[in-house]
Amino acid sequence: MTRLPAAPVRRPLTRRAAAAAATVVLGLGGVLATAGPASAVTQADAQAQLQAAGIHASSSGGCTTQGNPTCTSYSGIRQATIDGARTLRSASGCALTVTGGTEVGHAGGTYSHEAGYKLDFSRTTCLTSWIHATYTYTGVRGDGAALYEAGSGNVYADEGNHWDVTFYSCGC
């Protein structure tokens, strides 16, 4: 029987370090999740990875075109964002549906949907309860959204009908 090495101790990363450095963590169930540099992933690859983790997408337009605001696109998403979503799914045990990705129509900025750092998830009782019980409430954003921060530095904003999540690292 082969003995696996002990999992490394994970310390929370600063947002800057999480965005700049590659991070490796041993996820739940012994799955190794690697967050590479801010490299963009194709629509097809991101969709395949998320679907394999049981994460599905929904859009009002029923499409994935990045230039259409009624679509839900993964084109140009960061690998660390995909890994963060997969970690969230595994850690929370909640069903996750992505309702917003890299498509146009979101606010811009360095850590934006367009830059591949954010995903929107349908608001469910399971996900909301898990976020409230697991993460630290840190106040409200300028638009009034309640903010919760994970030890990894990832930020969860309650936008009423969905969760807007900024993945600075692959940890949830």
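Which residue in the turn of the hairpin formed by E10 and E11 has a positive phi? I opened my notebook with this point, working throughout from a predicted model.

**Entry 1: the hairpin of E10 and E11**

I found that the residue is Gly160, whose phi is about 95°. The hairpin leaves 3 residues between its two strands. I noted that E10 covers residues 155-158 and pairs with E11 in the antiparallel sense, over 4 bridges. I then looked up one partner: Ala157 is bridged to Asp164 in E11.

**Entry 2: strand E11**

Is strand E11 buried or exposed? I recorded that 5 of the 5 residues of E11 (residues 162-166) are buried, so the strand is largely enclosed by the rest of the structure. Next I looked up the directions of the side chains. In a regular strand, side chains alternate between the two faces of the sheet. In E11, His162, Asp164 and Thr166 point one way, while Trp163 and Val165 point the other way. I noted that all of these residues are buried.

I also looked for a further partner of E11. Strand E7 (residues 118-122) is joined to E11 by 5 bridges, and the two run antiparallel. Here I found that Ser122 has His162 of E11 as its bridge partner.

**Entry 3: the hairpin of E8 and E9**

I turned to strand E8 (residues 136-140) and strand E9 (residues 146-149), which form an antiparallel pair with 4 bridges. Thr136 has Glu149 of E9 as its bridge partner. Between the strands of this hairpin I found 5 residues, and Gly144 takes a positive phi near 90°.

**Entry 4: the largest pocket**

Which residues lie nearest the centre of the largest pocket? I listed Tyr111, Lys118, Arg141, Asp164 and Thr166, out of a lining of 17 residues. By class, the lining has 6 nonpolar, 6 polar and 5 charged residues. The space in this pocket is about 300 Å³.

**Entry 5: the nonpolar cores**

I looked up the largest nonpolar core and found 25 residues in it. Those that touch the most other members are Leu88, Leu119, Phe121, Ile131, Tyr135 and Tyr156. Helix H2 (43-52), H3, E6, E7, helix H4 (125-134), E9 and E11 each supply at least two residues of this core. Another core, of 5 residues, lies apart from the largest one, and Ala145, Leu147, Val155 and Ala157 are among its members.

**Entry 6: Cys94**

Where does Cys94 lie? I located Cys94 in the loop between helix H3 (79-92) and strand E6 (96-100). Its relative accessibility is 0%, and Cys94 therefore counts as buried. Leaving aside neighbours within four places in sequence, I noted that Cys94 is in contact with Arg89, Cys126, Leu127 and Trp130. I also looked up Gly54, which is 40 residues from Cys94 in sequence; C-alpha to C-alpha, the two are 9.8 Å apart in space.

**Entry 7: the whole chain**

The protein chain has 4 helices and 11 strands. Of its 172 residues, 43% count as buried. Among contacts between residues at least 6 apart in sequence, I recorded that 57% join residues at least 24 apart.

Definitions and conventions: Residues numbered from 1 in each chain as written. Predicted model: local features only at pLDDT ≥ 70, side-chain atom pairs only at ≥ 80, totals over all residues. Heavy atoms only, no water. Pairing = 2+ DSSP bridges. Buried < 20%, exposed > 50% of the residue type's maximum accessible area, 1.4 Å probe, protein only. 1 Å grid on protein atoms, 1.4 Å probe; cavity = no way out; pocket = protein on both sides within 12 Å on 5 of 7 lines; lining within 4 Å. Points joined across faces, edges and corners; volume = space filled by probe spheres on them. Nonpolar A, V, L, I, M, F, W, Y, C, P; charged D, E, K, R; others polar. Contact = heavy atoms within 4.5 Å. Core = buried A, V, L, I, M, F, W, Y, C linked by side-chain atoms within 4.5 Å.
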